[in-house]
Every structure is written in structure tokens, then in C-alpha cells.
Amino acid sequence: MASKELYAKFSDNFLTCHICLSEYKDPRVLQCYHTFCLTCIANHAHASQVGGKFQCPVCREEITIPTGGLDKLVHNFFLNKIKDFMLINPKEALCSVCKTEDVQLYCHNCKCHFCAKCQKEHHDNQDDSDGHAMSLLPMFAEEETSKPKELEESLQQIWAQTIIYCEKHPDEKLKFYCESDNTVLCCDCLATDHKKHHFVYLEKIVVSEKEGIEQKYKELLPRVSTFEKSEKEIEAQQKKLGRRRDKLQKQLQDHAKLLHKNVSDKLQELSSQLQDQFTAQMKALEAEKDSIQLQKVSIQSTCEFAKQLVRHGSQPEVMTHAKNIQTRMSELKDFQPAPIKIGDMSFVKQNLPPNIFGKLKEPESNFQVLPSVSQKLKIQQKTSPSSRPSVTIATKTWVQATLMKTFDIKLSNTHDISCSLNGNFYLTSLNTDTLKAVSESGENVFEVKVPGARCVTCLSNDRVVVTNVDGCMVYTEYGNQVRKFGQGDMTDPWGVTVDNSGHILVCDGINKCICIYNAVDYILINKISIPMCEKPVYINVNPKSNVIIVSDNGGHCVYGVTLEGDVVFQYGTPGQSGQGEDQLYFPCGICVDRQGHIFVADSDNHRVVVLTQTGKKMRHAIGKQQIKVPVGVDINREGELLVAEFHGKVKLFQCLDV
């Protein structure tokens, strides 16, 4: 008997639901072609659905609940056939009639197994047995135990000739395909609900549709190797990152032995920060790997379903899925793995005491903090023929600025701006409910509607966070919304930024506090009270000191606040606006460059003010001759300053050394 080979075709978990981890009960197929028990997926959708949509538990793709409810989901024909076919244990497969002889035939109409003798004496002698479909079971064919190909062909023959009856008219076979409704019909359905529709016999169309499905899944299947390659590249990058960490850790430990106590304490602090940075970057790579794996799984599951549909599907089953699965495979063909990015940790050298690795520049102050992932915008990679890639930090001083370029974005009521690692910059408009992405050359990348859009910041994994009236929205660099968070945690969310640890900080204007979220699962982990503010709106973090910079728009001040809530500096007179040297008039956006210089958009004074990292005024880098009503500022990856004006223009400035 070929029972072992038959069972070897199916793994132990093949018939197991991903939710209940038990054998499928009434398996149904989602639009992403993952299968679950109807009851299991109904419970999952009830608990997690929002607006008639929920996420697939396997690939997280958004699924729309069909009209009429989840009961309208299509049955998984292949799993149903496997379940029916494996009901009898081959080791105990005896005739349903005599109970003594091994089974050799299966009647699709009676759903019973017979030995050859009982088939002739009992089944065929029944008055209503004419026309029954009887198949020889491949597991009991004499020569098929060593011929898997013949076993496969025999299984295809049995399953393809399975008779499928109409759910509405149980006595009627499905024979027709309605091209108007993309539905498989019986005679009664055709005569009633579809009598004016265009239809064809299944046998006239199923062959061409099978060929179309097979062609598309053969074209799509090679995409799996592309994602597998990217997955391996990420794993290689993770190992490389670990080796970098180990090497730097060893250097830190070796040199710590040569230094006195205070330098030794400094090295211990840097070692801890290095580990934090390593952990953050590993998590970012793991998230990219997870995304690639999910896309790979989507392609694999769709290809597998299409392959089984072509090989084993009956005519009604092929036509039930033909249009939708071909559309699905066409969409998946355009999937590409996201570009792999990895941070460079050689900047540890920039924060070590002098003469450890050679001649280093004396630090500007006692505040020395490893740059956060978001500060990679200020790091430039340069490679010479005789050296490895190194990190060079721009050391220009903002004494005065030259206008290099003006972008006419045509976005009225512009409210904020943020630059990303890929060179794009993102703008929000409060009155028009808009998030807009623009390339370095000024071309429109995308524009999406975000109800009540307020402020914006870029994360290290090419995600964009936008605050609105009731929380925060997370978008991809292509403008697709992927997450919400903060709903219910805040009353009046405004400014948003990222600190040195990769945490997301959001300013709650009415409650006068800063909410801190974990950037991995977006859970609220802390709140910092800022009661000295009257109407805090914009925030940023100084990478040199890890001090939070708060722009109190209603109080005409800028504050520096520690993570413990202590105020370390104040610029401006609280509650008093003005045009004087040390006054602000409705300050708006804030950004910080790699040296810790703070840039403040002094909106109603039509200027950008530059402060030291301790809050002392340095100069007005840009004045009213060059800008009008600046509301947002940020530093791009080239170390240049972008200023967003309220009326829809963005201006690019370059610093000049004097």
C-alpha cells in the first residue's frame, strides 16, 4: 500500500488552524489567501475589526469583511478535500460494508469506501446508484508505492472529478459560470437569479483559466528568492553589527585600564550607551526583517494556493477563484524588498576622552551623548580609495546663512516640517488636513489626507509620525498608514520628535506635559510635566545633552527640560512677546544641529534665532529680508537648514563661516 507516501505529502501541521492550533473546522480563505476556521477568524475579527476591516493574524494584511458577513468567505476547497480524503486511517482502512476487506474504491456520491466485491454486490445493485462517480484509491493501487508521480496524477484525477453541488440547490450540480457576477451556477440558479446574465459551460472556460493561473504563479514564484536574498542580507548585517559592537567594546575595555578613575567612569557610561545603540539598531533591522518575511509569506501562500488550484481544483472551484487570485498575483509581482539600512557606530570615537584613539578635538562641553538614530541625518559617509568608510561630522558654525533654493510647495497653512534619511522632507497643513512628502529636487512624492494633521517627525526605519486632534498616525515613506497610537493618552497632541534612545516624544498642549512612547510597540512609558508653559506646541531633543527643547508658542518662550522635568534654561520673557534681541513673538518649530546649536522659528518676528545648547543666544541666522512667517525648521542630511513658511514655501539655507 502507498499510504506512507500519501501521508508524507502532508506535514503534521498541514491541517492545523493558526489560531486554535487544532484541525480546521469549516476552513475559509481570506483575500490574502491564508486559511482559518470560520469560527476562529470570526472571533478574531470581532475582537480587532475597525470600520469593517481587520488584520490577517499571519501576514497582518488589512482584510475587508465581505458584504453579508464572514460567512460569505470562500471555502478552502483543497483543505476540505484533504480532510475528507484522510478520514480513514490507511492502516485500518476496511470496506464500509463488509468491514473485513481492504478498501479499493471510493464513491463520491455515497461518500463511502468499498472493496471490489461489495462494490459489485451491494453498491451497483442499488436502484439509485446509476451515475455515481466511483474512483480507484491510489493508496491501494498495486504499483504506486514506489511511483510518487503516478500517485500525484491519480490524486489529481480523483479530486478533479469530484462532483460539487450547489449550496442553494443541494441536488443540482454546478455546471455553469456567470461572467456577469463571477459566480459558479447550477441549472436552477441559472433559471432564477441569473437568467438574463451571460454564462458559459465550465468545461469551455476552465482550461484557459487554469493556464492563466499557472502562468501567473510561475511568474510570481521567483519573487520568493528575491525576498529570501534580502532576508539573508539582513542576517549578515546583524552579524556584522554584532562584530562591530564586540570590537568597539574590546577597545573600550582595553583603554579603560590605562585611564584614571574619572575617565574610567566615562568609558563605562559610553559602553552602556553603545549597548543601547546596538539594541536599538538591532531592533530596527529585526523590524525590517519581519516586514520582508511577511511579504515573502504572502507570495508563498498565494503561489501555493494557485498551484493547488490548478493541479487539484475542480471546474467550479477554479472559476470561483480565477479572477481574484490572478489579480492578487499581479499585485504581488510588484512587491520589492525595502532598502536595507544600517547605522554606523564608529561615532563612539567622537565622544571618548582625548588621545585614546589618537588626536581628537576637545569636546565643546561636558554633555557628551551618543547620537540617536534620528540624528543620522547629520552624519555623512565618505570613502576614499585607501581607507574604509568613516563618519565625518559637519563642524560649520552658523554665523550667517545663504539662501540656496526656494521650493514653492503650494501648501497653504503649512504647520511643520521634518527631514528623512532618504532626502525627502515632509510637511503638514492643519487647515487642509494634509501630509505631503517632497523630494530633494522639489518633486511631489505623495500627498495624503490626515484629519486634523498638526506636527510631523521621521523615525529611523523610514516611518513618519504625524500628530492630529486625537493622537498619532504612523505612515510609511510611501504615504501608507500602518499604525495609530496615543488615542486616549492625550487631550491636545502637537509637537512630536525622537530622543537619543529612539523613544517617540509627543507634546500635549492642554495638559502641559510630554508623553513618551516606546517606538517598537508604541506603548506609553512616561509623562514629563511642563507646568511653566502657557501653550507648548513644538518640541525637539538636543543630541548633545539629551535635553528636551520646548517651544511655548502661547508664552513666547523656549525652555530646556531634562527627562526628569527639571528646567535647565529659558529663553524669552514668559507671557511677553516682543521684537527685542532676547524676545520671541509666537515661537514655532525647533531643530538642533550636530553641534547642539538650537534653531527657533520666531514666526511673527520673521526670523530664525540660533541658541547655544545651554539656551544662550548666538545670533539671528536668518532675518525678515529672507523669510516670512517661519513655522517649521529642520536640518537635512547634508547639514543644511530647511525653513517652512506658513504660506507654503520651503527655503534651503547653507551656513557660511566668517
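Tutor: Welcome! Local features in this predicted model need pLDDT of at least 70, side-chain atom pairs count only at pLDDT 80 or more, and totals for chains, interfaces and linings use all residues. Residues are numbered from 1 along each chain as its sequence is written, and side-chain values use heavy atoms, with hydrogens and water left out.

Student: Why are Phe176 and Phe199 called an edge-to-face aromatic pair?

Tutor: Rings of Phe, Tyr and Trp (its six-membered ring) pair if their centres lie within 6.5 Å; planes under 30 degrees apart count as stacked, over 60 as edge-to-face and the rest as tilted. Here the centres are 5.5 Å apart and the planes make 85 degrees, so the pair is edge-to-face.

Student: What makes Phe176 buried or exposed?

Tutor: Buried means under 20% relative accessible area, exposed over 50%, and partly exposed in between (1.4 Å probe, protein chains only). Phe176 has 5%, so Phe176 is buried. Phe199, with 33%, is therefore partly exposed.

Student: How do you know that strands S9 and S10 pair?

Tutor: Strands are DSSP runs (E, at least two residues), numbered from the N terminus, and two of them pair if DSSP finds at least two bridges between them. Three bridges join S9 (residues 176–178) to S10, so these antiparallel strands pair. Phe176 has Leu185 in S10 as its bridge partner.

Definitions and conventions: Helices (H or I, at least four residues) and strands (E, at least two) are DSSP runs, numbered from the N terminus.
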